[in-house]
Amino acid sequence: MPEKEQNNQNDFMIERIKERPINRKKLLRRTILTAAMAVIFGLIACFTFLVLEPVISNWLYPEEEPQIVVLPEDLEEMSPEDMLAENLPTESPVPEEEQEGVVLEKEQIDEILSGVVLDRQNYKEIYAALSNYVTELNHYMVTVTVVTSNIDWFNNVQESKSQTSGIIITDNGKELLILTDASYLSSAESLTLTFYTGDQVDAQIKQTDSYTNLAVLAVSLEDLPVGMKKEKLAYPVLGSSNTKLLGMPVIAMGSPMGTSNSIGYGMITSASSTYSVPDRNYKIIQTDIIGSQNASGVLFNLDGQVVGIITGNKSGSDMKNIIYAYGITEMKKIIEKLSNGSEIAYLGISGLNVTPEASGELGVPLGGFVKKMDMDSPAMLAGIQQGDVIINIDGRNISTFNEYTNIVMQLEPGKTIEMTVKRKSQDEYKEMKFTMEAGEAK
């Protein structure tokens with residue numbers, strides 16, 4: 001019996017524990033699943049980093065927003081009569097009994113003038129002074145090179161370049177802003193600006209306006225060459241076109257002759273024409289400068305101020321090669337919009353000012369007279385009619401169409417406004433209110 005128990009114990013001691021067989025398919029499946037999950041989590045981490053990195057960077061290192069560009073309003077201009085009166089002495093330093101002695105006779109004046117002899121040297125000096133003045137003005141001008149490409153019949157890519165002119169307007173703290181002709185920009189693949197120093201830098205389109213065919217280009221201040229940093233930049237003074245312009249000497253800069261860096265000397269011969277587009281009116285300045293029908297650039301007066309933006313013939317005149325320009329005063333609001341990259345509101349009304357004479361003699365209320373409207377424009381769809389007089393928008397009184405334009409320029413597309421007009425009914429004007437949503441100018 002003891003031997004049997006001993007044998008059973010020996011049998012137990014020699015039993016072997018076999019290892020569990022490896023399931024290779026299951027192991028491979030787990031390995032692939034682990035690798036796939038690692039790839040998925042890696043992609044999620046990368047995506048999260050890409051999305052959150054700008055937010056975190058802006059939070060840790062906030063980037064300054066561009067400043068809103070606001071162009072200075074026209075100063076109140078003094079008429080020549082007021083200037084003359086201001087320069088007259090309030091008290092005569094010469095006693096009345098002696099004043100007659102300082103009056104020159106015609107013979108004396110003729111004698112003085114006869115001693116003044118103008119020759120070729122004087123003529124040369126005058127043009128030398130103008131040439132030096134143009135050199136100073138060139139600091140404000142840039143040449144815009146537009147690169148485009150197309151494919152010919154043989155499927156070859158052909159690159160072409162065209163040039164126009166631009167003028168530095170201002171900066172917004174981050175970008176240098178340049179006003180230029182938008183004719184060549186629609187198909188541009190790249191834009192290069194050449195400054196008066198010869199330095200070149202790439203630019204981008206900030207905003208364009210199809211009605212005036214103008215655009216504002218932007219260049220990062222950080223991309224400017226060392227010799228053209230912000231503290232060394234000069235900006236032109238935007239003058240006024242509400243002054244007495246007739247006979248004013250002007251210099252056409254940019255591309256008045258159809259080629260870049262060309263100039264023209266002359267004077268303003270007319271400033272009575274108006275170019276109307278929906279919601280805006282622009283004064284058209286006519287000069288006696290003969291140039292190209294594709295002219296672009298600006299008009300400077302002899303005080304270094306911009307008084308006009310050169311455009312094609314918008315006056316309907318048959319003088320096709322005369323240089324014309326938009327008055328700078330009427331352009332300031334649209335330049336502000338373009339410089340800030342803002343969309344331009346659109347109501348679709350073309351109009352004019354109600355003159356005091358028309359108000360007094362015909363009884364027309366003072367305001368913005370509606371001359372016509374675009375088909376399917378917000379104003380037409382709201383019920384505005386030709387002959388209405390706009391007197392108020394959202395509580396702001398309007399006494400001229402120019403005031404209407406200023407209000408529309410402050411609107412954002414999509415904003416709902418209430419417009420009050422006076423409409424003639426039999427022998428009197430009745431007040432009516434209309435609600436409309438401002439569209440976007442194309």
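Glu431 and Lys433 form a salt bridge in this predicted model, with their closest N and O atoms 4.0 Å apart, and both Glu431 and Lys433 are exposed.

- Glu175 and Lys206 meet through their side chains in a salt bridge of 2.7 Å, N to O; because Glu175 lies in strand β3 (residues 175–181) and Lys206 in strand β5 (residues 200–209), the pair ties together parts that are 31 residues apart in sequence.
- Lys206 counts as partly exposed, at 24% relative accessibility.
- Arg280 forms a salt bridge with Asp209, where the closest N and O atoms are 3.0 Å apart; since Arg280 belongs to strand β10 (residues 280–290) and Asp209 to strand β5, this pair ties together parts that are 71 residues apart in sequence.
- Arg280 is buried, with a relative accessible area of 3%, and Asp209 is also buried, with a value of 2%.

**Helix α6**

- Helix α6 (residues 120–137) has 18 residues and reaches 26 Å from its first C-alpha to its last, close to the 26 Å expected.
- Leu130, Tyr133, Val134 and Leu137 are buried in α6, and they cover an arc of only 105° around the axis, which puts them on the same side of the helix.
- The cover over these buried residues includes β1 (141–151), β8 (249–255), β9 (262–277) and β11 (296–301), whereas the face turned away from the buried side carries the exposed residues Arg120, Lys124, Asn132 and Glu136.

**Nonpolar surface patch**

- Leu33, Met37, Ile40, Phe41 and Ile44 make a nonpolar surface patch of about 490 Å².
- Leu33 lies in helix α2 (residues 24–60) and is exposed, with a relative accessible area of 53%.

Terms used. Residues numbered from 1 in each chain as written. Predicted model: local features only at pLDDT ≥ 70, side-chain atom pairs only at ≥ 80, totals over all residues. Heavy atoms only, no water. Patch = residues over 30% accessible without salt bridge, like charges linked within 9 Å, V, L, I, M, F, W, Y side chains within 5 Å. Areas by Shrake-Rupley, 256 points an atom, 1.4 Å probe, with all protein chains shown as cover. Helix = DSSP H or I, 4+ residues; strand = E, 2+ residues; numbered from the N terminus. Buried < 20%, exposed > 50% of the residue type's maximum accessible area, 1.4 Å probe, protein only. Expected span 1.5 Å × (residues − 1). Arc of directions from axis to C-beta. Contact = heavy atoms within 4.5 Å.
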